[in-house]
Amino acid sequence: MLASKLFASRRSLMQMKNMNFAAMQQARCFAVTTKYTKTHEWISYDDASEVATIGITDHAQAELGDIVHVDLPEVGTEFSKYEVIVAVESVKTAADIYQMVDGEVLEINEDLADDSSIMNSDAEGKGWIMKVKLSNKEQLGELLDESAYKEILWSNIQIRSKGIAKDLVKMKL
């Protein structure tokens, strides 16, 4: 009888430990905040590590076309909001990436130096550009959340479709 009570107690403790681990994992997921710019960059800030990851959105890479080179900054580079420290080159054009916050480069995505097409296949994942330490976390509040960014994308689609419709009317199609 004592053995079965000990076993039940141990099982309960294990279940509680597993529930606590699951709760910690969920809390960890909510510690990351992703924001966007009107110019199609993203930043994910991790409250736990106080490190932000920066990249371009999937929409931006689609507009650029096949990316052939990413000019990455050096680790330790300090930058200010609106400063250009990254350039992305594609078969169609080159684009400067304006910084959305003040900070310092902690790490760059070395994989992009070897294979910049990663940015085309996974712009908001493995195609990240750099990890940074923010100088002013409050600047994140000035950026767009996901729903506001999606509204901008939707309005761009509507504007383009109106333009296409006018072109079709002019061409009498």
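Reader: Which residue stands opposite Thr 53 in S9?

Author: Strands of a sheet pair through backbone hydrogen bonds, either parallel or antiparallel. In this predicted model, Thr 53 has Lys 131 of S9 opposite it. The two strands concerned, S3 and S9, run antiparallel and are joined by three bridges. Lys 131 also has Glu 107 standing opposite it. S8 and S9 pair over five bridges, again in the antiparallel sense.

Reader: In what order do the six strands of the open sheet lie?

Author: The order is S1-S2-S3-S9-S8-S5, and the pairing is antiparallel.

Reader: Which residue of S3 stands opposite Ser 44?

Author: That residue is Thr 53. S2 and S3 run antiparallel and are joined by six bridges.

Reader: Are the residues of S2 buried or exposed?

Author: Burial is judged by relative accessible area, with under 20% counting as buried. Six of the six residues of S2 are buried, so this strand is largely enclosed by the rest of the structure. Both of its faces are covered, with Glu 41, Ile 43 and Tyr 45 on one side and Trp 42, Ser 44 and Asp 46 on the other. S9, by contrast, has a covered face formed by Met 130, Val 132 and Leu 134, and an uncovered one with Lys 131 and Lys 133. Over the protein chain of 173 residues, 34% are buried.

Reader: Which residues have the most contacts inside the largest nonpolar core?

Author: They are Ile 43, Ile 56, Val 70, Met 119, Ile 129, Met 130 and Leu 134, in a core of 28 residues. Among the elements that give two or more residues to this core are strand S2 (41-46), strand S3 (51-56), helix H2 (58-64), helix H4 (118-121) and strand S9 (130-134). There is also a second, separate core of six residues, including Tyr 36, Trp 42, Leu 144 and Ile 152.

Reader: Which residues are in contact with Met 119, leaving aside its neighbours within four places in sequence?

Author: The contacts of Met 119 are Ile 56, Gln 61, Ile 67, Val 70, Val 88, Leu 112, Gly 127 and Ile 129. Gly 127 and Ile 129 are also touched by Asn 109, as are Leu 72, Lys 126 and Trp 128, not counting residues up to four places away in sequence. Asn 109 lies in the loop between S8 and helix H3 (110-114) and counts as buried, at 3% relative accessibility.

Reader: What share of the contacts with a separation of 6 or more joins residues 24 or more positions apart?

Author: Such pairs account for 56% of those contacts in the protein chain. Ser 147 and Tyr 36 are 111 residues apart in sequence, while their C-alpha atoms are 9.8 Å apart. Ser 147 lies in helix H5 (residues 146-170) and is partly exposed, with a relative accessible area of 44%.

Reader: How much space lies in the largest pocket?

Author: Rolling a probe the size of a water molecule over the atoms shows where empty space is left. Here the largest pocket holds about 200 Å³. It is lined by 13 residues, of which Thr 37, Thr 39, Tyr 82, Met 100 and Leu 143 are the closest to its centre. By type, the lining divides into six nonpolar, three polar and four charged residues.

Reader: How many helices and strands does the protein chain have?

Author: The secondary structure comes to five helices and nine strands. From the N terminus on, the elements run α-β-β-β-α-β-β-β-β-β-α-α-β-α.

Methods: Residues are numbered from 1 along each chain as its sequence is written. This is a predicted model: local features need pLDDT of at least 70, side-chain atom pairs count only at pLDDT 80 or more; totals for chains, interfaces and linings use all residues. Side-chain values use heavy atoms; hydrogens and water are left out. On a 1 Å grid over the protein atoms alone, a cavity is a set of points where a 1.4 Å probe fits but cannot get out, and a pocket is an open set with protein on both sides within 12 Å along at least five of seven lines; lining residues have an atom within 4 Å of a point. Grid points are joined across faces, edges and corners, and a volume is the space filled by probe spheres set on the points. Ala, Val, Leu, Ile, Met, Phe, Trp, Tyr, Cys and Pro count as nonpolar, Asp, Glu, Lys and Arg as charged, and the others, Gly among them, as polar. A nonpolar core is a set of buried Ala, Val, Leu, Ile, Met, Phe, Trp, Tyr and Cys residues joined through side-chain atoms within 4.5 Å. Buried means under 20% relative accessible area, exposed over 50%, partly exposed in between (1.4 Å probe, protein chains only). Helices (H or I, at least four residues) and strands (E, at least two) are DSSP runs, numbered from the N terminus. Contact means heavy atoms within 4.5 Å. Two strands pair if DSSP finds at least two bridges between them.
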